[in-house]
Amino acid sequence: MTKVRLTKEFHFEMAHALWNYDGLCKNIHGHSYILFVTVIGEPNKDIKNPKFGMVMDFGDLKRIVNQEIVDQLDHALVLSEATPNLERLNIPQMFERFFITPYQPTCENMIADFAERIISKLPNEVNLHSLKLHETATSFAEWYASDNL
Ligand SMILES: Nc1nc2c(c(=O)[nH]1)N=C([C@H](O)[C@H](O)COP(=O)(O)OP(=O)(O)OP(=O)(O)O)CN2
Ligand SMILES: [Zn+2]
């Protein structure tokens with residue numbers, strides 16, 4: 001049994017604000033997020049299967065992560081539901097991509113949310129190994145399945 005890890009890298013631009021935070025990030029601001037998604041499994045052993053030799057087609061991983069995360073959050077604004085007066089932002093011309101999260105949109109909470117979304121879409125024989133989410137060039141969060149058993 002040979003298990004192999006596969007990693008794919010994704011990029012998206014997203015704005016957020018940290019409600020009630022005691023620093024600059026309480027203001028609405030943007031980041032160029034970089035997300036590394038690592039899955040683990042055994043390469044397919046069926047020579048007749050088009051996915052022969054693959055843990056998972058990189059293209060399938062791309063489709064899942066794009067549908068669940070990147071296509072939704074790229075150029076979106078994300079604010080916590082704790083933010084007051086959110087109804088005032090009902091301006092469709094500017095807030096087409098606007099998400100209100102049940103959590104503070106920190107790197108930590110976003111990566112935990114991403115893990116749940118990706119796990120729900122992976123094929124049975126493939127597991128999510130880890131995620132790495134860069135919020136800035138020098139700040140990132142990591143999620144490992146082994147930490148969350
Ligand atoms: N534990 C966390 N701390 C902070 C988060 C977070 O998500 N988790 N987020 C922010 C801000 O949103 C933003 O990411 C600022 O991060 P920071 O690394 O402080 O940004 P800088 O521009 O100051 O980075 P430098 O490279 O050090 O200039 C704040 N904290
Ligand atoms: Zn930020």
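Helices and strands here are DSSP runs, numbered from the N terminus, with strands labelled E and spanning at least two residues. In this predicted model, strand E2 covers residues 29-41, and His-31 lies in it.

His-16 belongs to strand E1, residues 4-16. A residue counts as buried if 20 or more other C-beta atoms lie within 10 Å of its own; His-16 has 25, and is therefore buried. Leaving aside residues up to four places away in sequence, His-16 is in contact with Leu-77, Val-78, Leu-79 and Pro-105. His-31 has 18 C-beta neighbours inside 10 Å and so counts as partly exposed. With the sequence neighbours again left out, His-31 touches Met-14, Glu-135 and Thr-136.

Glu-135 sits in the loop between strand E5 (127-134) and strand E6 (140-144). It counts as buried because 20 C-beta neighbours lie inside 10 Å. Apart from residues up to four places away in sequence, Glu-135 touches His-31, Tyr-33, Cys-107 and Phe-140.

Cys-25 is placed in the loop between E1 and E2. With 15 C-beta neighbours inside 10 Å, Cys-25 counts as partly exposed. His-75 is in the loop between H1 and strand E3 (76-80). His-75 has 11 C-beta neighbours inside 10 Å, so it counts as exposed. Its backbone also deserves a note. Most residues other than glycine have a negative phi. Phi of His-75, however, is near 60°, a positive value.

Asn-20 is another residue other than glycine with a positive phi, near 70°. Asn-20 lies in the loop between E1 and E2, and it is exposed, with 10 other C-beta atoms within 10 Å. Pro-50 is found in the loop between E2 and H1. With 8 C-beta neighbours inside 10 Å, Pro-50 counts as exposed. Asn-20 and Pro-50 are 30 residues apart along the chain, and their C-alpha atoms are separated by 52 Å.

The helices remain to be described. Two packed helices are described by the angle between their axes and the distance between the axes. Here the axes of helix H1 (residues 58-73) and helix H2 (residues 107-119) come within 10 Å and cross at roughly 135°. That angle makes H1 oblique to H2, since angles over 145 degrees are needed for roughly antiparallel. The crossing of H1 past H2 is right-handed.

At this contact, H1 contributes Ile-64, Val-65, Glu-68 and Ile-69, which meet Phe-114, Arg-117 and Ile-118 of H2. The residues of the contact divide into five nonpolar, no polar and two charged.

Conventions
Residues are numbered from 1 along each chain as its sequence is written. Chains are lettered from A and ligands numbered from 1 in the order in which they are written. This is a predicted model: local features need pLDDT of at least 70, side-chain atom pairs count only at pLDDT 80 or more; totals for chains, interfaces and linings use all residues. Helices (H or I, at least four residues) and strands (E, at least two) are DSSP runs, numbered from the N terminus. A residue is buried if 20 or more other C-beta atoms lie within 10 Å of its own, exposed if 12 or fewer, and partly exposed in between; C-beta atoms are placed from the backbone. Two residues are in contact if their C-beta atoms, placed from the backbone, lie within 7 Å. Axes are lines fitted to C-alpha atoms, for helices over the stretch in contact, and angles run from 0 to 180 degrees between N-to-C directions. Angles under 35 degrees count as roughly parallel, over 145 as roughly antiparallel, 65 to 115 as roughly perpendicular and the rest as oblique. A crossing is left-handed if the near helix is turned anticlockwise from the far one by less than a right angle, and right-handed if clockwise. Ala, Val, Leu, Ile, Met, Phe, Trp, Tyr, Cys and Pro count as nonpolar, Asp, Glu, Lys and Arg as charged, and the others, Gly among them, as polar.
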